[in-house]
Amino acid sequence: MDKFNKLCKELKLNNKNNYLVINKINNEDAFLDGLASSLNNGTDFVEFNPTFYPTQQAILLGRKIQQLCKEFDATFVITERADIAYTLDADGILLTINSFIPSQVKEILGQNTLIGITCANNKDLDFALRTEYDFIKTLNFVNTLPQNGKKIFSRVFEICN
């Protein structure tokens, strides 16, 4: 089963380099058109931050984002909200240094779920490299070369309108 889990995660991470974060949006139709265009032009890893929305609205918008991600074979992760990631059956979740530990999240979301962490500095990065996270978002302070077998995203683009 471990080989299967590893293969699932590799498929969701390999060759994924164009990371897009979706925060608060004002015009949903214009946003979805723009997202489709971005995915069509190479975005292949999408993080949806639902903290700006009431839960039900976040789930509805998340489903639309997820559908577009599936159409363009992009990986879809949720920021911090394990309940929304579970409801949407997202590819993964992005955590912060002070939130859940990966083993707790895997109990909730399953072993095939990608678990990522946001690192704001080298101290956070050193911690993340020693733990069981699958990917690391570094906020533009290190290169994108994998370390300790972990995918590192350092070029992150953000949508908010």
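Colleague: What does the accessible surface of the chain come to, and how much of it belongs to carbon and sulfur atoms?

Modeller: The accessible surface of the chain comes to about 8,500 Å², and 49% of that surface belongs to carbon and sulfur atoms. Please keep in mind that this is a predicted model, in which buried residues make up 48% of the 161 residues in the chain.

Colleague: Which elements does the chain contain, and how do they run from the N terminus on?

Modeller: There are six helices and eight strands, and from the N terminus on they run α-β-α-β-α-β-α-β-α-β-α-β-β-β.

Colleague: Why is α2 called roughly parallel to α3?

Modeller: Helix α2, residues 28-40, and helix α3, residues 55-71, pack at an angle of about 25°, with their axes 10 Å apart. Angles under 35 degrees count as roughly parallel, and therefore α2 is described as roughly parallel to α3. The crossing in which α2 passes α3 is right-handed.

Colleague: Which residues meet where α2 and α3 pack, and of what class are they?

Modeller: From α2 come Glu28, Phe31, Leu32, Leu35, Ala36 and Leu39, and they meet Leu61, Lys64, Ile65, Leu68 and Cys69 of α3. Sorted by class, this contact has nine nonpolar residues, two charged residues and no polar ones.

Colleague: How do you know whether threonine 75 is buried or exposed?

Modeller: Threonine 75 has a relative accessible area of 3%, and since buried means under 20%, we conclude that threonine 75 is buried. Threonine 75 lies in strand β3, which covers residues 75-79. Leaving out residues up to four places away in sequence, threonine 75 touches Lys12, Lys16, Asp44, Phe45, Val46, Cys69, Asp91 and Leu114. Leucine 13 is 62 residues from threonine 75 in sequence, yet their C-alpha atoms are 7.5 Å apart in space.

Colleague: What makes the phi of glutamate 80 worth a remark?

Modeller: Most residues other than glycine have a negative phi. The phi of glutamate 80, however, is near 65°, a positive value in a residue other than glycine. Glutamate 80 is found in the loop between β3 and α4, and with a relative accessible area of 23% it is partly exposed, because that value falls between the limits of 20% and 50%.

Colleague: Why does aspartate 89 count as exposed?

Modeller: The relative accessibility of aspartate 89 is 62%, and exposed means over 50%, so aspartate 89 counts as exposed. Aspartate 89 sits in the loop between α4 and β4, and although aspartate 89 is not a glycine, its phi is positive, at about 55°.

Methods: Residues numbered from 1 in each chain as written. Predicted model: local features only at pLDDT ≥ 70, side-chain atom pairs only at ≥ 80, totals over all residues. Heavy atoms only, no water. Axes fitted to C-alpha atoms, helices over the stretch in contact; angles between N-to-C directions. Helix = DSSP H or I, 4+ residues; strand = E, 2+ residues; numbered from the N terminus. Parallel < 35°, antiparallel > 145°, perpendicular 65-115°, else oblique. Left-handed = near helix turned anticlockwise from the far one by under 90°. Contact = heavy atoms within 4.5 Å. Nonpolar A, V, L, I, M, F, W, Y, C, P; charged D, E, K, R; others polar. Buried < 20%, exposed > 50% of the residue type's maximum accessible area, 1.4 Å probe, protein only. Areas by Shrake-Rupley, 256 points an atom, 1.4 Å probe, with all protein chains shown as cover.
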